[in-house]
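Let's take a friendly walk through one protein chain. Keep the picture in view as you read, and look up each part as it is named.

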Amino acid sequence: MADRESLLAYVREKYGTSPESLWPRQPRYVVLRHAENGKWYAVLMNVRARCLHLPGTGEVDVVNVKSPFAPDMLLSGVAGAFPAYHMNKRHWISLALDGSFPEEELYRLVDESYLLTR
């Protein structure tokens, strides 16, 4: 199951990326960016379930990635995929890190986002 820690380990090993916290009031909100150009390729956040129109009062860890397939995934009703939280919903998508989104597909989309934002 892909969770926050396994995703951070993946990008650290594959891209040498360390998470960067930009918001003191939201220490679990971190960006992953390219070392060469400083562009973000992913944002990890913990958001309230209701913000994603999920039942419950807790929080869900999500990662936002850039993907040309974002609209198709949302229209197809892919489990664990949501309109991007606090990002451009046409080009970015939020993916749940709670096991509902397939781990292999998650890493593929992170890789794609990395390439798209170079």
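Strand 2 (residues 30–33) and strand 3 run antiparallel to each other, paired over 4 bridges. Two strands count as paired here if DSSP finds at least two bridges between them. Strands (E, at least two residues) and helices (H or I, at least four) are DSSP runs, numbered from the N terminus. Within this pairing, Leu32 sits opposite Ala42 of strand 3. The hairpin formed by strand 2 and strand 3 has 6 residues between the strands, and Gly38 there has a positive phi near 75°.

Before going further, please note that this is a predicted model: local features need pLDDT of at least 70, side-chain atom pairs count only at pLDDT 80 or more, and totals for chains, interfaces and linings use all residues. Residues are numbered from 1 along each chain as its sequence is written, and side-chain values use heavy atoms, with hydrogens and water left out.

How confident is the predictor? The score called pLDDT gives its confidence in each residue, from 0 to 100. The chain has a mean pLDDT of 91, with 99% of its residues at 70 or more. Among the elements, strand 2 has the highest mean pLDDT (98), while helix 2 (residues 70–76) has the lowest (72). Where pLDDT is low, the predicted coordinates should not be read in detail.

**The strand in the middle of the story**

Strand 3 also pairs with strand 4 (residues 59–66), again in the antiparallel sense, over 7 bridges. In that pairing Val43 has Asn64 of strand 4 as its bridge partner. Is strand 3 (residues 40–48) mostly buried or exposed? Because 7 of its 9 residues are buried, strand 3 is largely enclosed by the rest of the structure. Buried means under 20% relative accessible area, exposed means over 50%, and partly exposed is in between (1.4 Å probe, protein chains only).

**Helix 3 and the cores**

Now find helix 3. Its 14 residues should span 20 Å at 1.5 Å a residue, and its end C-alpha atoms are 20 Å apart, which agrees. The expected span is 1.5 Å times one less than the number of residues. The buried residues of helix 3 include Leu106, Leu109 and Val110.

A nonpolar core is a set of buried Ala, Val, Leu, Ile, Met, Phe, Trp, Tyr and Cys residues joined through side-chain atoms within 4.5 Å. The largest one has 23 residues, and Leu7, Leu44, Val63, Val65, Leu95 and Leu106 have the most contacts inside it. At least two residues of this core come from each of helix 1 (4–15), strand 2, strand 3, strand 4, helix 2, strand 6 (92–96) and helix 3. The largest share, 5 residues, is supplied by helix 3. A second, separate core has 12 residues, among them Val43, Leu52, Val60 and Tyr85.

Contact means heavy atoms within 4.5 Å. Leaving out residues up to four places away in sequence, Val65 touches several residues, including Tyr41, Trp92, Leu109 and Ser113. Ser113 lies in helix 3 (residues 103–116) and counts as buried because its relative accessibility is 0%.

**Aromatic rings**

Rings of Phe, Tyr and Trp (its six-membered ring) pair if their centres lie within 6.5 Å; planes under 30 degrees apart count as stacked, over 60 as edge-to-face and the rest as tilted.

| Pair | Centre distance | Plane angle |
|---|---|---|
| Tyr10 and Tyr107 | 4.2 Å | 15° |
| Tyr15 and Tyr114 | 3.7 Å | 15° |

Both pairs link distant parts of the chain. Tyr10 in helix 1 and Tyr107 in helix 3 are 97 residues apart, while Tyr15 in helix 1 and Tyr114 in helix 3 are 99 residues apart. Tyr107 is buried, at 13% relative accessible area. Tyr114 is buried too, at 11%, whereas Tyr15 is partly exposed, at 21%. Tyr15, Tyr41 and Tyr114 form one aromatic cluster.

**Two histidines in loops**

His53 has a positive phi near 60°, in a residue other than glycine. His53 lies in the loop between strand 3 and strand 4 and is exposed, with a relative accessible area of 74%. His86 also has a positive phi near 60°. The loop between strand 5 (81–83) and strand 6 holds His86, which counts as exposed at 64% relative accessibility.

Notes. pLDDT = per-residue confidence, 0-100.
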